Amino acid sequence: MKSLMLQSIFGPPATEKAPAPSGQALEELARNVDKSARRLLGRSLSIREVDAGSCNGCELEIHAIGNAIYDASRFGLHFSASPRHVDVLLVTGPVSRNMKVALERTWAATPGPKWVVAAGDCACNGCVFAGSYACVGRVSDVLPVDLHIPGCPPRPKDLLCGLLALLAA
Amino acid sequence: MSTEQTRQKQGLIQLLRANGQEQRAQRGAPRFRIDAAMWEELGGRLGKGLDLMGLWADAQDVHMALFAPDEKDFAIVSLAVEDGAFPSIGARHPAAIRLERAIQDLYGHGARGLPDGRPWLDHGAWPIRHPLNEKADAAQSGEEKDETQDYAFLPVEGEGVHEIPVGPVHAGIIEPGHFRFSCAGETVVRLEERLGYTHKGVERLMQGKPPAEAARIAARTCGDSTVAYSFAFARACEAALEVEVPPRAAWLRALMAELERLANHLGDTGAICNDAAFAFLHAHFGVLREDVLRAADTCFGHRLMMDCIVPGGVARDLDAEKGAHVLQLLLDSLDERLEKLVEIYDTTASLQDRVRNTGRLSPALAQGFAAGGYVGRASGRAFDARLSLPYPPYDSLAVKMHVMHKGDVNARVWVRIHEIRESIGLVRTIMHNMPQGDLTAELPGNTAQVREGVAVVEGFRGDVLAWLRLDEEGLVARCHLRDPSWFQWPLLEAVIYGNIVADFPLCNKSFNCSYSGHDL
Ligand code: SF4
């Protein structure tokens, strides 16, 4: 364990370098976060994830942006356990009717100013579940959505770029 | 010898041949139409040397999938629903209770004698009742209400007993469900689960669709097991249509299935450590998981390999050079890093203190509920669909099953560690022996007759069962997908009994049951 610890401390980090200009927008956005996030909310953005009937694919990729490779927290993006503490609701799934009330209540419990991000095709347009008796179909039918991040599921990088873009806007 | 005793001695298939009519449309495993007396007799045998593998309905019948471990017999039995009802299996075998509650919600067929008549998937928010039953006269209010207020949770009484309601929106980035803990001080005296929040109407959405389209829905039933679901659905279609997939397709499927198993086992092992506040391993295992997903992405163009398995074969080939190279790198790096992490897991006293003896599942319960996956195998149930009901290409691969008996969080972690090692070996074998050839076999479109197929596939969490009926035009008339979680969720309630509240996340994560796969 000691050797692995030392390696972790003194070796190169697993975290990927935030990519440089052109196609690699991460670093650029990271700088943007610094500016506008500081202006709006200090240096960080607190996020509450709400699964509104997802297949769990989106959750897996949202998890991934917290791993050592993407390390969302270096950009000041944090996931919080309570909606009372957050700035952003990150919603996945086609809003199953069984989750609609819980979603609305989570939104109501979130203090303003707040943003809603619909992550994944389900949240954006219902994906293969559109038209089901058991689903509302998309998040924007229930809550005002500020940003859509498409993908089934969206790649971690797309999620990250989307969340950062929200701050840059 | 009484007739009862003679019957006990017969093999399952033998017994059903003598007491039922085999249905000609069914492929993949035999299906027998039986009478109510036989239905009840079989119900009485469940958990006593006969495993319940699934219980579902269609408009006219209820069906039960059975597995006899001794002879490795696998069969389906069907009973006609009469006067809107059928004799409850749940009355004889508790593992069937939630499945029957789901049948009541979706079809309106009453399970006569069912000890728990509360709705399960239907929370009263759908615009229709019994949504899978065309005959049922639609409309319910679809009222929006606070489910957790209205549901009649089982009462717990006693001095100082208090309730802790959790969910459906949980603290972490996980799926929604409600847990009602009744505690005496720190100790949990009862946990009651309330699920169904992610019900999306999967089975009805599939109806009337051609297999290729329905496969996209099957793939989205449970995202962490998308490969396993696609695999099971495709095999059920192929069984129904009597199509054999080309060998290369079968081997590619296994490659995907093993990568999916690796990714999930690695991620979950880290997450379990995290729930014991040991973030170091979480970070390291998280990197390994990411490596697997990236390799999958390079090989098949999708990190979770969604829609890569299609009825008839696979949608993507493995790029001969790039794919093989990436996989080689992945295996080498796993070889180098995995064992160091395992050693830390096994030698860190503070972590071991949390996982040992925590959340013990008794072998009797695991056997009785026919719990699949690592939940069953950590409690002595030697079932792995790759071995117990072998299918290509596993019938020509030497898979080793790891069974433990202690049934605690630690045993479930160890079963997973063994399976990670096993999957690394399997990926290597598959790479070296991958046959060349076609990727798909053509599926007949219009078959002019009703056909049925069934398949069981071992996902990372356990066995996924897919059963389907195709109509004369080759469209899905009925499809049932049974997640392994149906037989694991109820056991979590038993496992947490007597543990402290703070150990619930640990126990829960060591089970890692699916919400979406279960809720459908
Ligand atoms: S968008 Fe895709 S991955 Fe995300 S919840 Fe929907 S089906 Fe699952």
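**Figure legends: chains A and B of a predicted model**

**Figure 1. Secondary structure of chain A.** Six helices and five strands make up the secondary structure of chain A in this predicted model. Along the sequence, the elements of chain A run α-α-β-α-β-β-α-β-α-β-α.

**Figure 2. Confidence along chain A.** Chain A has a mean pLDDT of 83, with 82% of its residues at 70 or more. Over residues 19-34 of chain A, pLDDT stays under 50. The model has 25 contacts beyond four places in sequence for this stretch of chain A. Where pLDDT is low, the predicted coordinates should not be read in detail.

**Figure 3. Burial, contacts and surface of chain A.** Of the 169 residues in chain A, 54% are buried. Among the contacts in chain A with a separation of 6 or more, 80% join residues 24 or more positions apart.

**Figure 4. Fold and dimensions of chain B.** Chain B contains 19 helices and 16 strands. Its radius of gyration is 23 Å, close to the 24 Å given by the globule rule for 520 residues, so chain B is as compact as a globular protein of that length. Along the principal axes, the C-alpha atoms of chain B fill a box of roughly 70 × 60 × 55 Å.

Figure 5. In chain B, 64% of the 520 residues are buried. Residues 24 or more positions apart provide 67% of the chain B contacts with a separation of 6 or more. Chain B exposes about 18200 Å², with 49% supplied by carbon and sulfur atoms. Chain B carries 55 positive and 72 negative side chains, and the centres of these two sets are 2 Å apart.

Key
Residues are numbered from 1 along each chain as its sequence is written. Chains are lettered from A and ligands numbered from 1 in the order in which they are written. Side-chain values use heavy atoms; hydrogens and water are left out. Helices (H or I, at least four residues) and strands (E, at least two) are DSSP runs, numbered from the N terminus. The radius of gyration is taken over C-alpha atoms; the globule rule is 2.2 Å times the number of residues to the power 0.38. Buried means under 20% relative accessible area, exposed over 50%, partly exposed in between (1.4 Å probe, protein chains only). Contact means heavy atoms within 4.5 Å. Accessible areas come from the Shrake-Rupley method with a 1.4 Å probe; for residues, only the protein chains shown count as cover. Lys and Arg count as positive and Asp and Glu as negative; His and the chain ends are not counted. The place of a charge is taken as NZ of Lys, CZ of Arg, CG of Asp or CD of Glu. pLDDT is the predictor's confidence in each residue, from 0 to 100.
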